[in-house]
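Subject: Structure handover

Hello,

Here is the structure for you to look over. My notes on what was found follow below.

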Amino acid sequence: MSEKLHSLIFDNKTLTVKGVEQVVAISDKEAVFKLSDNTLTVKGNGLNVTKLDKEQGVVVLEVAGLSSITYRAHALSGIKGLFR
């Protein structure tokens, strides 16, 4: 299983996320992105997408106020089929 690298850069109310495989949900209070091995959730207020490059896997958000950034591992993807 090859894992792609991802990165987060937060600078001057702009959050750049690289390594995004799928945009799951975006609102003005929450953004959820699927990465290669995790799900990334960004919470705050005034979230606004200013750039979305699906081919490069880059999302740029304007953020008025950032509350939290959390990662959640994909559920049991490594042992699928172990129990029958």
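**Strand pairing around β5**

Strands β4 (residues 30-34) and β5 run antiparallel and are joined by five bridges. Two strands count as paired if DSSP finds at least two bridges between them. Helices (H or I, at least four residues) and strands (E, at least two) are DSSP runs, numbered from the N terminus.

Before going on, the basis: this is a predicted model, in which local features need pLDDT of at least 70 and side-chain atom pairs count only at pLDDT 80 or more, while totals for chains, interfaces and linings use all residues. Residues are numbered from 1 along each chain as its sequence is written, and side-chain values use heavy atoms, with hydrogens and water left out.

Back to β4 and β5. A hairpin of three residues connects β4 to β5. Phe33 has Leu40 in β5 as its bridge partner. On to β8: β5 and β8 are also antiparallel, with eight bridges between them. There, Thr41 stands opposite Thr70 of β8.

How much of strand β5 is buried? Six of its eight residues (38-45) are, so β5 is largely enclosed by the rest of the structure. Buried means under 20% relative accessible area, exposed means over 50%, and partly exposed lies in between (1.4 Å probe, protein chains only).

**Salt bridges**

The search of the whole structure gives two salt bridges. The criterion is a side-chain nitrogen of Lys or Arg within 4 Å of a carboxyl oxygen of Asp or Glu.

One pairs Glu21 with Lys34, with 3.4 Å between the closest N and O atoms. Glu21 sits in the loop between β2 (14-18) and β3 (22-26), and Lys34 in strand β4, so this pair ties together parts 13 residues apart in sequence. Glu21 has a relative accessible area of 39%, so it is partly exposed. Lys34 is at 28% and is partly exposed too.

Glu30 and Lys43 form a salt bridge as well, at 3.8 Å from N to O. This pair links distant parts of the chain: Glu30 is in strand β4 and Lys43 in strand β5, 13 residues apart. Glu30 is partly exposed at 31% relative accessibility. Lys43 is also partly exposed, at 38%.

**Val59**

Val59 belongs to strand β7 (residues 58-62). Its relative accessibility is 1%, so Val59 counts as buried. Which residues does Val59 touch, not counting those up to four places away in sequence? They are Leu15, Thr16, Val17, Val20, Val23, Phe33, Lys51 and Leu52. Contact here means heavy atoms within 4.5 Å. Val59 and Gly19 are 40 residues apart along the chain, yet their C-alpha atoms are separated by 8.8 Å.

**Nonpolar surface patch**

Leu8, Phe10, Leu66, Ile69 and Tyr71 make a nonpolar surface patch of about 410 Å². The elements giving two or more residues to the patch are β1 (7-11) and β8 (65-73). Strand β8 gives the most, with three residues. Tyr71 is in β8. At 42% relative accessibility, Tyr71 is partly exposed.

Patches are made of residues with over 30% relative accessible area and no salt bridge; like charges are joined within 9 Å, and nonpolar side chains (Val, Leu, Ile, Met, Phe, Trp, Tyr) within 5 Å. Accessible areas come from the Shrake-Rupley method with a 1.4 Å probe; for residues, only the protein chains shown count as cover.

Best regards
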